[in-house]
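This briefing concerns one protein chain and the contacts within its fold. Please consult the sequence and the structure shown below while reading.

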Amino acid sequence: MLSIIVPTFNEEHFLPRLLASIERQDFTDREVIVADNRSRDRTRTIARSHGVRVVGGGTPAVGRNRGAEASRVEYLMFLDADVVLPDGFL
């Protein structure tokens with residue numbers, strides 16, 4: 001299993017595209033964790049609507065670390081919210 005960890009802060013415009021690209025992947029043995037730095041927009045709502053686990057974040061480095069701590073698996077992948085994975089990437 002793979003944990004995909006995304007640190008966020010006010011990413012409501014980018015996050016839906018990333019999450020949709022993850023959902024399109026053939027590899028489904030994964031969890032997605034959004035480590036949010038107290039966003040003031042709909043970032044957390046969007047993440048939860050995609051079935052993503054949301055944890056407290058901080059600066060990008062802190063968010064990555066908090067996401068890693070919340071992970072339940074050995075393999076971690078860190079992505080930024082403005083990334084879009086091409087089909088078949090995973």
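In this predicted model, Arg24 and Asp87 form a salt bridge, with their closest N and O atoms 3.1 Å apart. The pair links distant parts of the chain, since Arg24 belongs to the loop between α1 and β2, whereas Asp87 belongs to the segment after β4 (75-78), 63 residues apart. The points below treat the salt bridges and then the nonpolar cores.

**The pair Arg24 and Asp87**
- Arg24 counts as partly exposed because its relative accessibility is 44%, which falls between the limits of 20% and 50%.
- Asp87 has a relative accessibility of 57% and therefore counts as exposed, the cut-off being over 50%.

**The salt bridges of Glu31**
- The count for the model comes to five salt bridges.
- One of them joins Glu31 to Arg53, whose closest N and O atoms are 3.1 Å apart.
- Because Glu31 lies in strand β2 and Arg53 in strand β3 (residues 53-56), this pair ties together parts that are 22 residues apart in sequence.
- Glu31 is buried, with a relative accessible area of 10%, whereas Arg53 is partly exposed at 23%.
- Glu31 also forms a salt bridge with Arg72, the closest N and O atoms being 3.9 Å apart.
- Arg72 lies in the loop between α3 (60-70) and β4, and Glu31 in strand β2, so this pair ties together parts that are 41 residues apart in sequence.
- Arg72 counts as exposed, at 65% relative accessibility.
- Through shared partners, salt bridges join Glu31, Arg53 and Arg72 into one network.

**The nonpolar cores**
- The largest nonpolar core has 17 residues, and those touching the most other members are Ile4, Val6, Leu15, Leu19, Ile22, Val34 and Leu79.
- Two or more residues of this core come from each of β1 (2-8), α1 (15-23), β2 (30-36) and α2 (43-49).
- Helix α1 gives the most to this core, with four residues.
- Leu79 is in contact with Ile4, Ile5, Val6, Pro7, Leu18, Ile22 and Leu85, leaving aside its neighbours within four places in sequence.
- A second, separate core has five residues, including Ile5, Ile33, Ala35 and Val55.

Methods:
Residues are numbered from 1 along each chain as its sequence is written. This is a predicted model: local features need pLDDT of at least 70, side-chain atom pairs count only at pLDDT 80 or more; totals for chains, interfaces and linings use all residues. Side-chain values use heavy atoms; hydrogens and water are left out. A nonpolar core is a set of buried Ala, Val, Leu, Ile, Met, Phe, Trp, Tyr and Cys residues joined through side-chain atoms within 4.5 Å. Buried means under 20% relative accessible area, exposed over 50%, partly exposed in between (1.4 Å probe, protein chains only). Contact means heavy atoms within 4.5 Å. A salt bridge is a side-chain nitrogen of Lys or Arg within 4 Å of a carboxyl oxygen of Asp or Glu.
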